[in-house]
Amino acid sequence: MMDTKKKPLKQKIRLAPFVTIFIFLVLGIIGITVDEPSRVLEQATQICLSCIGIG
Amino acid sequence: MDLIRKWVQALFFILTNGYWNFPVTKGIYKGPLKIVCSPGLNCYSCPAATTYCPLGSLQQLLAGIRMSIENGQLFFGLYVVGTMGVIGGFVGRMVCGWACPFGLFQELLNKIPSPKFGIWPPLRYIKYGLLLFMVILLPLFALDEFGFGSTWFCKYLCPAGTLEAGLPMLFLQPGLRANIGPLFFNKLFFLFLFIIWAVLASRPFCRTACPLGAFYALFSRIKLVKLRLDPAKCTDCKACHNVCPMGVRFNESPDDMECISCLACSKACKFNAITLEIGGLSITSQPRPSVCQLKKPTQATNTSN
């Protein structure tokens, strides 16, 4: 069991999730600016036979 | 709450597999929705898939990274990793419990009456190795004579791809059957292995081999929406141990990387010690049980872990 077993929980806003989401959001936006989604779309609309074990 | 979760799982299954015209077209969906990331493991070569699989896309981008750079395109997978990271930052492995079609498939298989077994805990670390090697390093560095990498995880292991894409495409396009070889039988072996294992144990693929779950697990401590233990209310009755489909002992490790936030432990806790929180603020609050309720024996509903 945890050492803090009998201490009541504090309601405190955590910043870490917001920072994490912001960092990955920035990464995603960089990806969009280099037009990566068009490449993803191109890949996702073609059947990759070797990827599914055929061919 | 479990009923709500089942409905959410069904909703995500339909949303990510909503192209029902495939029996007519005999092919896959090619529309603009495929620019949207599937939060769970859902092969984009599945005839019904409407979204892209983050693992498949990431491997393809890394496998072709040299060719992209030669063409002046900076396709490093940032869009895909960014999307996965945003999902992970919000809910982490809650995706596995609420939005993954292959997770739902395993849960349904586990309802088949049979002897139930646990899973040896160290096997959980395999999926981190698969994420590192088969999804990142091998596609990036194991090149063919033309300088292309390969989608190692999809090609050699992914049972979701075999189930959702390989088998349906063979049915829809009989001409492809001539291409069946050792690669396909290897993948078929893994599919049947995990199907049989899922009947006998809870979510074996999620727990041992899913690289997407491994990626989301990295956010277990910092994700926005997570379960929280109130140590002051916990009596160490271990009711949460018995119901967890992932084998987590929640009151001993509240930030366990295996937790899929299915809320089974929250429901089982008679003392309201486990609540759902968003960004540090608790959002679920059950009424405190009466003394009579507390004296009732706790019934273990799942002993497979």
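Residues are numbered from 1 along each chain as its sequence is written, and chains are lettered from A and ligands numbered from 1 in the order in which they are written. Because the model is predicted, local features need pLDDT of at least 70 and side-chain atom pairs count only at pLDDT 80 or more, while totals for chains, interfaces and linings use all residues; side-chain values use heavy atoms, with hydrogens and water left out.

**View 1. The three-stranded sheet of chain B.** In chain B, 3 strands form an open sheet in the order β1-β2-β3, with antiparallel pairing. Strands β1 and β3 of chain B stand at the edges, each with a single partner strand, so one side of each lacks a neighbour in the sheet. Strands are DSSP runs of E with at least two residues, and helices are runs of H or I with at least four residues, numbered from the N terminus. Two strands pair if DSSP finds at least two bridges between them. In general, strands of a sheet pair through backbone hydrogen bonds, either parallel or antiparallel.

**View 2. Strand β1 of chain B and its pairing with β2(B).** Strand β1 (residues 225–229) of chain B is joined to β2(B) by 5 bridges, and the two run antiparallel. The bridge partner of V225(B) in β2(B) is I278(B), and L227(B) stands opposite L276(B). Of the 5 residues of β1(B), 5 are buried, so the strand is largely enclosed by the rest of the structure. Buried means under 20% relative accessible area, exposed over 50%, and partly exposed in between (1.4 Å probe, protein chains only). Both faces of β1(B) are covered, with V225(B), L227(B) and L229(B) buried on one side and K226(B) and R228(B) buried on the other.

View 3. Strand β2 (residues 274–278) of chain B is mostly covered, since 4 of its 5 residues are buried. Strand β3 (residues 281–282) of chain B is joined to β2(B) by 2 bridges in an antiparallel arrangement, and in β3(B) the residue opposite E277(B) is S282(B). The two strands form a hairpin with 2 residues between them, and G279(B) in the turn has a positive phi of about 60°.

**View 4. The packing of helices α3 and α8 of chain B.** Two packed helices are described by the angle between their axes and the distance between the axes. Helix α3 (residues 54–63) of chain B packs against helix α8 (residues 126–141) of chain B at an angle of about 20°, with the axes 8 Å apart. Axes are lines fitted to C-alpha atoms, for helices over the stretch in contact, and angles run from 0 to 180 degrees between N-to-C directions. The helices α3(B) and α8(B) are therefore roughly parallel to each other; angles under 35 degrees count as roughly parallel, over 145 as roughly antiparallel, 65 to 115 as roughly perpendicular and the rest as oblique. The crossing of α3(B) past α8(B) is right-handed. A crossing is left-handed if the near helix is turned anticlockwise from the far one by less than a right angle, and right-handed if clockwise. From α3(B), the contact involves L55(B), L58(B), Q59(B), L62(B) and A63(B), and from α8(B) it involves M134(B), V135(B), I136(B), P139(B) and L140(B). Contact means heavy atoms within 4.5 Å. These residues of α3(B) and α8(B) comprise 9 nonpolar, 1 polar and no charged. Ala, Val, Leu, Ile, Met, Phe, Trp, Tyr, Cys and Pro count as nonpolar, Asp, Glu, Lys and Arg as charged, and the others, Gly among them, as polar.

**View 5. The packing of helices α1 and α7 of chain B.** Helix α1 (residues 2–16) of chain B and helix α7 (residues 101–110) of chain B pack at an angle of about 130°, and their axes are 9 Å apart. This makes α1(B) oblique to α7(B). The crossing of α1(B) past α7(B) is left-handed. On α1(B) the contact is made by R5(B), K6(B), Q9(B), F13(B) and T16(B), and on α7(B) by P101(B), L104(B) and E107(B). The contact residues of α1(B) and α7(B) divide into 3 nonpolar, 2 polar and 3 charged.

**View 6. Two loop residues of chain B with positive phi.** K26(B) lies in the loop between α2 (22–25) and α3 of chain B, and has a positive phi of about 60° although it is not a glycine. At 41% relative accessibility, K26(B) counts as partly exposed. R203(B) is found in the loop between α11 (182–200) and α12 (204–208) of chain B. R203(B) has a positive phi of about 50° and is not a glycine; at 1% relative accessibility, R203(B) counts as buried.
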